[in-house]
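I opened the notebook to record what I looked up, region by region, before doing anything else with the coordinates. Each entry keeps to what I could read from the model.

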Amino acid sequence: MRCIELNSFVSGFSSFFLHAKLSSFHAFLRSKIATTFVESAQRAGYPYLDYNAGDQLGVSFLQANTLQGRRVTSGNAYLYPARKRPNLHILTSAWVTRVLINKANKEATGVVFVRDGKTQSVTARKEVILSAGAFESAKLLMLSGVGPADHLASFRIPVVQNLPVGELLYEHPGVFGPVFIVRQPIDNYVSLDENINFSNIVQYLKGRGVFTTNSVESLMYVKSPVAESPDPGLPDVEIMQAFSSIDFDTGTGTPRAFRLTNATYDGYFRPIMNLRSFQYLPMLMKPYTKGKLRLRSTNPFNHPLFQYRYFEDDRDIEALVYGMQEAIRVTSQEPFRRLGVELYRKQVPGCEQHPFGTHQYWRCHVMTLTATFHHQVATCKMGPPSDPEAVVDHELRVYGVRRLRVVDIGVVPFPPTAHTAAVAFVIGEKAADLVRDAARKEDYRVREKHSSLPVQSARWSPFEWPFK
Ligand SMILES: Cc1cc2nc3c(=O)[nH]c(=O)nc-3n(C[C@H](O)[C@H](O)[C@H](O)COP(=O)(O)OP(=O)(O)OC[C@H]3O[C@@H](n4cnc5c(N)ncnc54)[C@H](O)[C@@H]3O)c2cc1C
């Protein structure tokens, strides 16, 4: 499985121009920071490895779903080449508002959607596939009467099937920092403004240069002392090395995308705007905190409620602090010292009460510059019939409802030790086989849950179930 990361500067263009097969490459552009990081991490004891080929504890350059410096998406890799197939009809600007389910036999028969202000419906001859993502698939199920009976009752939604939709939600929380200043003149990557010029744009069109960066250039996987898994080779924290720090974008785009307050941006990032700086993005892959997804209302155009209290479990903060400290240890190695790299020591606004560099300070930094990488999973958890948390079975069929599958990242039962886009691609590929197979056999059996049995799925043992 290939892991991809932020392509914040080019993603808008890439989906427009690129029609490519799904490809995964080491990103082309490697700043001096990336090569120095990989060298320093090895000096600090982390082996160089291919993190998609078995062992993960170590350091590596980023692999990304990109081609010639542009992001490859599921849209341009899968959908665009298939768009003219006679058995495919793509309807854009259509918003699905509920799944039609025959209450008598609990069979999904189609969906209702709104387009150009008109409510319409489409019926399915074989199956309905919900693929609206971890938030929206769960919301659509609940609006259609499939969800926790008490929650649906509180909105007067007639219950078709009582299932724990949205009862579980995992996230990959992260943190912006630590940030470092580079005193030696290593390159021109001080600010976006200075880099927007004719030469860089021409380079980009040729698939080269600064704008082909994924921003993240290399990764290190570490295991913190609070990691739950006894497997010594399974990391719980990923440390992404970004080629610049957030102040690279002197406009409002990046701070707004990351929801940084003016006080944080002005107080922490603005002072280093004219300096060459870079930062790490530690991300917790195995959080202890669990959340929920709830309906806000019965209005299908309202977003659902994202009920995730970051760091409710204190160990999640400790794991990220460990990740930050490992990043600092690596960056204090000799190769970085040669570049004149220094830890940026300004206190994050709101953490001034803690002496810089103390454990309490880093905890405050984590809770103040908290990041999300939008890796939410498990709202429609896949699991065996005995799992009280399961919504879909191992073939992604919704328990108790015929001809209805959920095919998106929401089915992933536990937080993956990976970024989620590649996982979503794999789910889609697998589902294509399942759907084709069911159609060939005309097999649309429904599975029921027997959730009174004890849970048998092990949270950190993805390879045990459903194979054993
Ligand atoms: C800003 C951002 C950056 C990310 N960067 C990365 C990254 O670099 N690497 C990585 O691995 N992961 C990344 N992720 C996470 C990754 O994109 C998701 O995990 C992945 O897209 C999930 O795929 P999905 O098919 O389950 O859902 P989605 O990709 O969300 O697809 C769901 C689709 O359903 C549509 N939809 C939803 N509701 C309705 C409705 N009611 N009617 C009609 N259509 C509907 C949506 O418009 C969307 O097109 C990022 C996520 C975000 C938000």
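**Helix α12.** I began with the packing of α12, whose buried residues pack against β12, α10 (314-331) and β20 (370-372). Looking up which residues of α12 (359-368) are buried, I found Trp362, Cys364, His365 and Val366. I note here that the model is a predicted one, and that I looked at local features with a pLDDT of at least 70.

The peptide bond that joins Gly177 and Pro178 is cis, with omega about 10°. I wrote beside this entry that most peptide bonds are trans.

Is β15 enclosed or in the open? I found that 6 of the 6 residues of β15 (237-242) are buried, so the strand is largely enclosed by the rest of the structure. Val237, Ile239 and Gln241 point one way from β15, while Glu238, Met240 and Ala242 point the other way, and all of them are buried.

I then looked up the pairing of β15. Strand β14 (216-222) is joined to β15 by 6 bridges and the two run antiparallel, with Glu238 of β15 as the bridge partner of Tyr221. Strand β16 (277-284) is likewise joined to β15 by 6 bridges, again antiparallel, and there Leu284 of β16 stands opposite Val237.

**The sheet β6-β7-β8.** My next entry concerns an open sheet of 3 strands, in the order β6-β7-β8, with antiparallel pairing. Which strands stand at its edges? They are β6 (95-102) and β8 (118-123), each of which has a single partner strand, so one side of each is left without a neighbour in the sheet. From one strand to the next, the twist averages 25°.

Between β7 (107-115) and β8 I found 6 bridges, the two strands running antiparallel, and among the paired residues Val111 has Val122 of β8 as its bridge partner. The hairpin of β7 and β8 has 2 residues between the strands, and in this hairpin Asp116 takes a positive phi near 50°.

Ser93, in the loop between α3 (74-82) and β6, has phi near 55°, a positive value in a residue other than glycine. Ser93 is exposed, with 8 other C-beta atoms within 10 Å. Arg259, in the loop between α8 (253-257) and α9 (262-269), also has a positive phi near 55°, and Arg259 is exposed, with 10 other C-beta atoms within 10 Å.

**Around the ligand.** Which of the 19 residues around the ligand come nearest? I noted Gly133, Glu136, Asp408, His419 and Ala421. The elements that give two or more residues to this shell are β6, α4 (133-143) and α13 (420-441), and of the shell the largest share, 4 residues, comes from α13. Sorted by class, the shell around the ligand has 10 nonpolar, 6 polar and 3 charged residues.

**The two domains.** Last, I looked up the domain assignment, which gives domain 1 as 25-73 + 171-372 and domain 2 as 91-164 + 377-446. The C-alpha centres of domain 1 and domain 2 lie 34 Å apart. Their contact takes 14 residues from domain 1 and 14 residues from domain 2. On the side of domain 1 that touches domain 2, I found 9 nonpolar, 3 polar and 2 charged residues.

Definitions and conventions:
Residues are numbered from 1 along each chain as its sequence is written. This is a predicted model: local features need pLDDT of at least 70, side-chain atom pairs count only at pLDDT 80 or more; totals for chains, interfaces and linings use all residues. Domain bounds come from an automatic or database domain assignment. Two residues are in contact if their C-beta atoms, placed from the backbone, lie within 7 Å. Ala, Val, Leu, Ile, Met, Phe, Trp, Tyr, Cys and Pro count as nonpolar, Asp, Glu, Lys and Arg as charged, and the others, Gly among them, as polar. Two strands pair if DSSP finds at least two bridges between them. Axes are lines fitted to C-alpha atoms, for helices over the stretch in contact, and angles run from 0 to 180 degrees between N-to-C directions. A residue is buried if 20 or more other C-beta atoms lie within 10 Å of its own, exposed if 12 or fewer, and partly exposed in between; C-beta atoms are placed from the backbone. A residue is near a molecule or strand if its C-beta atom, placed from the backbone, lies within 6 Å of it.
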